[in-house]
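Subject: Structure handover

Hello,

Here is the structure I promised to pass on. My notes on it follow below.

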Amino acid sequence: MLRHEFQPGKLVVGLFLTATAVAFAGDAGGLWETPWFAVVPLVVGGLCLAGVTAALARGIRRRGGAEGGQR
């Protein structure tokens, strides 16, 4: 298996999009009621948090905090 660089921003946005999908799947299954506009804060908040996370991770890597070569 090829090793790849860990990208925490993609992890964060994936978690928020999965949470959005679970919220609407629960609504579709009749488990609870989810308003249609609930997607906006989840997706926008997740994208903003992922951007901050990615910027912090890049800043840490540029300062030499991570081992490995630069591209």
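Arg-58 lies in helix α2. Helices here are DSSP runs (H or I, at least four residues), as strands are (E, at least two), numbered from the N terminus. At 53% relative accessibility, Arg-58 counts as exposed. The scale is this: buried is under 20% relative accessible area, exposed is over 50%, and partly exposed is in between (1.4 Å probe, protein chains only). Arg-58 and Gln-7 sit 51 residues apart in sequence, yet their C-alpha atoms are 9.2 Å apart in space.

Some ground rules before the rest. This is a predicted model, in which local features need pLDDT of at least 70 and side-chain atom pairs count only at pLDDT 80 or more, while totals for chains, interfaces and linings use all residues. Residues are numbered from 1 along each chain as its sequence is written, and side-chain values use heavy atoms, with hydrogens and water left out.

Salt bridge

The structure holds 1 salt bridge. It joins the side chains of Glu-5 and Arg-61, at 3.1 Å from N to O. This pair links distant parts of the chain: Glu-5 is in the segment before α1, Arg-61 is in helix α2, and 56 residues separate them. The criterion is a side-chain nitrogen of Lys or Arg within 4 Å of a carboxyl oxygen of Asp or Glu. Side chains of opposite charge can pair when their charged atoms come close. Glu-5 is partly exposed, with a relative accessible area of 41%. Arg-61 is also partly exposed, at 28%.

Helix to helix

Phe-16 is placed in helix α1. At 27% relative accessibility, Phe-16 counts as partly exposed. Leaving aside neighbours within four places in sequence, Phe-16 is in contact with Leu-42, Gly-46 and Leu-49. Contact means heavy atoms within 4.5 Å.

Thr-53 is found in helix α2, residues 39-62. Its side chain reaches the backbone oxygen of Leu-49 at 2.7 Å. That is a polar contact: a pair of N or O atoms within 3.5 Å, where within protein one must be able to donate a hydrogen and the other to accept it, and residues adjacent in sequence count only if both atoms are side-chain atoms. Beyond four places in sequence, Thr-53 is in contact with Pro-8, Gly-9 and Val-12. Thr-20 is another matter: its C-alpha atom is 19 Å from that of Thr-53, and the two are 33 residues apart along the chain.

The loop

Thr-34 lies in the loop between α1 and α2. Is Thr-34 buried or exposed? Thr-34 is buried, with a relative accessible area of 10%. Its side chain reaches the backbone oxygen of Ala-23 at 3.0 Å. A polar contact of 3.1 Å also joins the side chains of Thr-34 and Trp-32. Setting aside neighbours within four places in sequence, Thr-34 is in contact with Ala-23, Phe-24 and Asp-27.

Aromatics

A search of the whole structure finds 1 aromatic pair. Trp-36 and Phe-37 form it, edge-to-face, at 5.6 Å centre to centre and 90° between the planes. Rings of Phe, Tyr and Trp (its six-membered ring) pair if their centres lie within 6.5 Å; planes under 30 degrees apart count as stacked, over 60 as edge-to-face and the rest as tilted. Trp-36 counts as exposed, at 70% relative accessibility. Phe-37 counts as partly exposed, at 48%.

Surface patch

Phe-6, Leu-11 and Leu-15 make a nonpolar surface patch of about 320 Å². Patches are made of residues with over 30% relative accessible area and no salt bridge; like charges are joined within 9 Å, and nonpolar side chains (Val, Leu, Ile, Met, Phe, Trp, Tyr) within 5 Å. Areas come from the Shrake-Rupley method with a 1.4 Å probe, and for residues only the protein chains shown count as cover. Leu-15 lies in helix α1, residues 8-28. Leu-15 is exposed, with a relative accessible area of 54%.

Best wishes
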